[in-house]
Amino acid sequence: MVNDPADPRSLSADRVESIFQDRGGVLWVGLKGGGLNKWNSRSGLFTAHSEEPANPHGLSANVVTSLAEEVDGTVWVGTYGGGLNRRDPRTGRFQHYRHDPADPYSLADDRVMSLLVDSESAVWAGTYEGGLHRLDRATGRFERFAHRPGDARSLSGNGITVIYEGRDGLLWIGTQHGLNRFDRRSGRFVSYQHDPLNSTSLSSNQVFAIMEDGAGDLWVGTHGGGLNRFDRASGAFNRYEHDPSDDRSLSGDSVMTILEDSSGVLWIGTQNGLNRWEPSSRAAFQGVFHRYLEADGLPSNSIWGLLEDDSGNLWMSTNNGLSRLDPRRQSFKNLDVSHGLQSNEFNSGAYARGPSGRLLFGGNQGFNSFFPSEIRDNLYPPPIVLTKALKTNEEVKLERSAGEVPELSLSHEDLSVEFEFAALDFTAPERNLYSYRLVGFQDEWFDQEHRRRATFTSLNPGVYTLQVKAANNDGVWSEPTDLVRLTVAPAPWRSWWAYTAYGMILLAMVIYYARGQAQKLQREAEYSHKLEEEVRERTSELAERNRELQLAKKKFEEASFTDSLTGIKNRRFLINTIDRDLAMVERFYAKHGSVGELPDDRPDILFLLFDLDGFKLVNDTHGHACGDLVLIQVRDLLDAACRRSDTLIRWGGDEFLVVCRGSDQRMAEGLADRIRRSVTAHEFDIGDGRPVKLTCSIGFAHLPFVPARPKLFGWEQVVNVADRAL
């Protein structure tokens, strides 16, 4: 580990003064003149290669679209715009092969979309528009194979998406214009095309995946046409496609990768999830697939590459990082840039397994290479510490003794208290998760995800304990930790000594009244009347003060639940009141079940998220005061479009959330369309006589999100779905 001025992730200086490795495996290095540096040893296992513009022997482009590795460790890298790269395993240098308009033996196109090192060690490269190439290693020249109009024995198209070598030595070339079989001895191509009038033809001309299984069957994955099995004897294709009415059919018709694992199971990666096809069903030609989607643990439904490691685990590249599936446990392990990946986005066709078992995956910021056996989970449960405490928004210092839980006392005037905490795991602190509960107030754990703050308002008198637990970046949870003990004192007029005083006063009045019995009956009556008046006045006074306190409390609660600009409810209001609506939904589905015919008056909850397009431009051009006028008018438009029973919430900035109860799909679409048309037709008055026209973006989702499994998603997850839809 040395300083590299061109790499911001390298050491900031070279003189090491101190080194420390924490219990989470993070290495901390103190440098003279270079500050403190952090290195996650686990992420270092994912070797990353990226473009180095200043290095003539570095990777020529960041967007990696194809990969291949030879027995000696030589890695071939196809890039989008940077041509073909060869990495020498001894020196680590990259040799570049680029298109030269003056050289007919160079690459015809610098966008290399597919690679193959065949059984004869020949290197084949397929380009985006320049056809197929074979490299002569001795001369560095490329032999080109291209589509020739009118020649049925040439390539069917110049857009090469995949190159595959069968066990018989024939090459299969997938293009954007059909499937090709190439006989290297004769130099002829046989083309297979989609025919709309022939159900046994190739289902789509856009071929993205080719694989020959252990039984010798050739499988072809297409974009828009699903999966094909090729019968070599008859030349016919059997199709397996997505059927919306059959949840055992293929999950999607855009098949990007195919893999047969060591147990004979066929795995099909699509742009809509992963599919598992058992050998028994495949042998019987039964299209019975088991699906894996984001709800099952995938980081993304777009699967670009599939590889199997020596332990039988599946590794797949997606639009949101890498994922490792243990087929035996049916469990996913997801990895992202915090683990050392080149980026979270990977590319179709950019994956390969080397002869040594090393796996390679490419994306938009280079490619990663790693040995799966070296990837270890972070099993360290992080300890939790309290970092800040605030009473009514003012920070307070807590007295701490070793081994004891700090204590905090609150009076009846402390209407809110907040605590901040942190998990002491620095592997990827932004991925740490938190959950808390206030023992004595709530038994359920409140999931905070990545937020590190807990807020409580208007706690009743009593003793409470704040417990927090946290998970590291690999989802390993710590045991609950007692962070602080709260003691909430009652108001003075509700304390034990106040009630004792009330009792003593009452007793004195009774004694005084009893002594008066010995005097004149008239005086007794007068004293009795006087005492009764005093009691009524005191009672009235106490009742009035209690009403004033209740009114102040109510006003404070309303203020904390109300947006100060628009006067509508805020995010805290939803958090504090949503449980009532969720309980109605749970009771309904518990009573009626989640399948079969359901009554029309279902208490489903619609979360409709509204965002104003161009609002930042209004603020930047006319000032925030004009932006505030726009937000107030948006509130009026939303209020007019919604029902009285709907709840309108300012979610943040120019985002509004509409919560509708008893809503169905058609009602949601109608509401979204009314809001969109209302905003589009409205001329926003920003106070200077120049009206502004704006548009909006709307996303919505229902809870339960999956009626068949009403508890599958919480309301926060459904709001996130609406946010993604927006």
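1. **Ground rules.** The model is predicted; local features need pLDDT of at least 70, side-chain atom pairs count only at pLDDT 80 or more, and totals for chains, interfaces and linings use all residues. Residues are numbered from 1 along each chain as its sequence is written, and side-chain values use heavy atoms, with hydrogens and water left out. Helices (H or I, at least four residues) and strands (E, at least two) are DSSP runs, numbered from the N terminus.

2. Strands of a sheet pair through backbone hydrogen bonds, either parallel or antiparallel. Two strands count as paired if DSSP finds at least two bridges between them. Strand 10 (residues 123-127) and strand 11 (residues 132-136) are antiparallel, with four bridges. They form a hairpin with four residues between them. Gly 131 sits in that turn, with a positive phi of about 85°. Strand 11 also pairs with strand 12 (residues 141-145), again antiparallel, over five bridges. This hairpin too has four residues between its strands, and Gly 140 in the turn has a positive phi of about 75°.

3. **Follow Arg 134.** Which residue of strand 12 stands opposite Arg 134? Glu 143 does. Trp 124 also stands opposite Arg 134, which lies in strand 11.

4. Four strands line up in the order 25-26-27-28, with antiparallel pairing. Strand 25 (303-308) and strand 28 (331-335) are the edges, and each pairs on one side only. From one strand to the next, the twist averages 20°. Inside the sheet, five bridges join strand 26 (residues 314-318) to strand 27 (residues 321-326). Met 316 has Ser 323 in strand 27 as its bridge partner.

5. **A loop residue.** Asp 110 lies in the loop between strand 8 (94-97) and strand 9 (112-117). Is Asp 110 buried or exposed? Its relative accessible area is 15%, so Asp 110 is buried. Buried means under 20% relative accessible area, exposed over 50%, and partly exposed in between (1.4 Å probe, protein chains only). Contact means heavy atoms within 4.5 Å. Leaving aside neighbours within four places in sequence, Asp 110 has contacts that include Thr 79, Tyr 80, Tyr 97, Arg 98 and His 99.

6. In helix 5 (residues 615-622), Phe 615, Val 618 and Asn 619 are buried. They cover an arc of only 95° around the axis, so they lie on the same side of helix 5. The arc is taken from the directions from the helix axis to the C-beta atoms. Lys 616, Leu 617, Asp 620 and Thr 621 are exposed on the other side. The buried residues pack against strand 42 (605-613), helix 6 (624-641) and strand 46 (692-693). Just after helix 5 comes Gly 623, with a positive phi of about 100°.

7. **Helix 5 meets helix 6.** Their axes come within 7 Å and cross at roughly 140°. Axes are lines fitted to C-alpha atoms, for helices over the stretch in contact, and angles run from 0 to 180 degrees between N-to-C directions. Phe 615, Val 618, Asn 619 and His 622 of helix 5 meet His 624, Cys 626, Gly 627, Val 630 and Leu 631 of helix 6.

8. **Helix 6 meets helix 7.** The axes of helix 6 and helix 7 (residues 665-681) come within 10 Å and cross at roughly 140°. Leu 637, Leu 638 and Ala 641 of helix 6 make the contact with Leu 671, Arg 674, Ile 675, Ser 678 and Val 679 of helix 7.
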